[in-house]
Amino acid sequence: MMGYRVLLVVVVAALWTGRASAVLVNINNQTFLQVVADLKSDVLQKDSFAYDTPTGQELADFRSLATALWNADSQSDLQALVNPADNLGYDVVKVNDAGTIYYGLRERLVNNNITLGWGSYFVRQGDRREATVQAPHPLFDTNSWDVASRAFVDSQARGFIMAGAHRNANGFGTADVADLTNSMFHQVHEAWADAPGSNTAWQVHGFKLENHLPTFPADADAVLSNGTGGVSAEVIALDAALDALGASWDSYAYNTLNIND
């Protein structure tokens, strides 16, 4: 009887467990408004319980990253942000919208979903006005993200910020970046507002008139506020500008002043 011996040749392949090196993402086939629309579609939903509350170190690191983005004015400056952004789960993007350039930070998708909900941040290059337009409630305040992104583009403002989660993502108020200081949104707001030069932040919110009567006038279509109940020079100027447009809607300045003030 002939015996058989089987020789087993085992090939051991070296497995690399790391991910590919981070790269700068160039977007040349979309307008800025289309980019924002895509980002809005990824925003974490109400009661998704997917919002990741950042740690103190993450807040500090992201603030430094946002400051560097604000000051970036060259391709090499932008490239230098890639690795720090990657460490925070973000991509650095360069959007070329028919010659207008925007540098930005967007959360990286994991299995086609975001897992942090920390928001999106962009800075316009070239000619720009020292202002930041913000959309803190892209899901809760209907169409506010669209109004904000269009106002940003049309006004040539320098900065744009949009939240990455519904204000009630992990329960009531758990991701309301208009109120929370321990959010990336607030850190970027402070970093950019404190930057050299006069930078004014404008937030776009929405409201249902029926919920505010009789406090609001019955014909109110737009309400302008500085958040304190006073009437600032910026609010007065914006109200006058809206009136000058001859719009078919009425704007008002919210205030808590004495009726005779």
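Biologist: In which strand is the place of D221?

Modeller: Strands here are DSSP runs of E with at least two residues, helices are runs of H or I with at least four, and both are numbered from the N terminus. The model is predicted, so local features need pLDDT of at least 70 and side-chain atom pairs count only at pLDDT 80 or more, while totals for chains, interfaces and linings use all residues. Residues are numbered from 1 along each chain as its sequence is written, and side-chain values use heavy atoms, without hydrogens and water. On that basis D221 belongs to strand β8 (residues 220-224).

Biologist: What is the relative accessible area of D221?

Modeller: Accessible areas come from the Shrake-Rupley method with a 1.4 Å probe, and for residues only the protein chains shown count as cover. Buried means under 20% relative accessible area, exposed means over 50%, and partly exposed is the range in between. D221 counts as partly exposed because its relative accessible area is 47%.

Biologist: Which residues gather in a patch of negative charge on the surface?

Modeller: Patch members have over 30% relative accessible area and no salt bridge; like charges are joined within 9 Å, and nonpolar side chains (Val, Leu, Ile, Met, Phe, Trp, Tyr) within 5 Å. Asp and Glu count as negative, Lys and Arg as positive, with His and the chain ends not counted. The place of a charge is NZ of Lys, CZ of Arg, CG of Asp or CD of Glu. The negative patch is made by D219, D221, D243 and D250.

Biologist: What is the area of the nonpolar surface patch made by V231, I236 and L257?

Modeller: One of its members, I236, lies in helix α7 (residues 233-244). I236 is classed as exposed because its relative accessible area is 51%. Together, V231, I236 and L257 form a nonpolar patch of about 230 Å².

Biologist: How many salt bridges are there?

Modeller: A salt bridge is a side-chain nitrogen of Lys or Arg within 4 Å of a carboxyl oxygen of Asp or Glu. Applied to this model, the rule gives a count of 8.

Biologist: How many residues apart in sequence are the parts that the pair D91 and R108 ties together?

Modeller: The side chains of D91 and R108 meet in a salt bridge of 3.4 Å, N to O. D91 lies in strand β2 (residues 90-97) and R108 in the loop between β3 (100-107) and β4 (120-124), so the parts tied together are separated in sequence by 17 residues.

Biologist: Which residues are linked with D91 in a network of salt bridges?

Modeller: D91 itself is buried, because its relative accessible area is 16%. The network joins D91 to D86, R106 and R108.

Biologist: What is the N to O distance in the salt bridge of D146 and R150?

Modeller: D146 and R150 both lie in helix α5, 4 residues apart, about one turn of the helix. D146 is partly exposed at 22% relative accessibility, and R150 is partly exposed at 43%. Their side chains meet with an N to O distance of 3.0 Å.

Biologist: With which residue does D176 form a salt bridge?

Modeller: D176 counts as buried because its relative accessibility is 5%. The closest N and O atoms of the pair are 2.8 Å apart, and the partner of D176 is R167.

Biologist: Which side chain does a polar contact join to that of N199?

Modeller: A polar contact is a pair of N or O atoms within 3.5 Å; within protein, one must be able to donate a hydrogen and the other to accept it, and residues adjacent in sequence count only if both atoms are side-chain atoms. N199 lies in the loop between α6 (184-193) and β7 (200-203), and N199 is buried at 12% relative accessible area. At 3.1 Å, the contact joins the side chain of N199 to that of T132.

Biologist: What is the phi of N111?

Modeller: N111 is placed in the loop between β3 and β4. N111 is exposed, because its relative accessibility is 71%. Its phi is positive in a residue other than glycine, near 55 degrees.

Biologist: What is the omega of the peptide bond from L213 to P214?

Modeller: P214 lies in the loop between β7 and β8. The bond from L213 to P214 is cis, with omega near 5 degrees.

Conventions:
Buried < 20%, exposed > 50% of the residue type's maximum accessible area, 1.4 Å probe, protein only.
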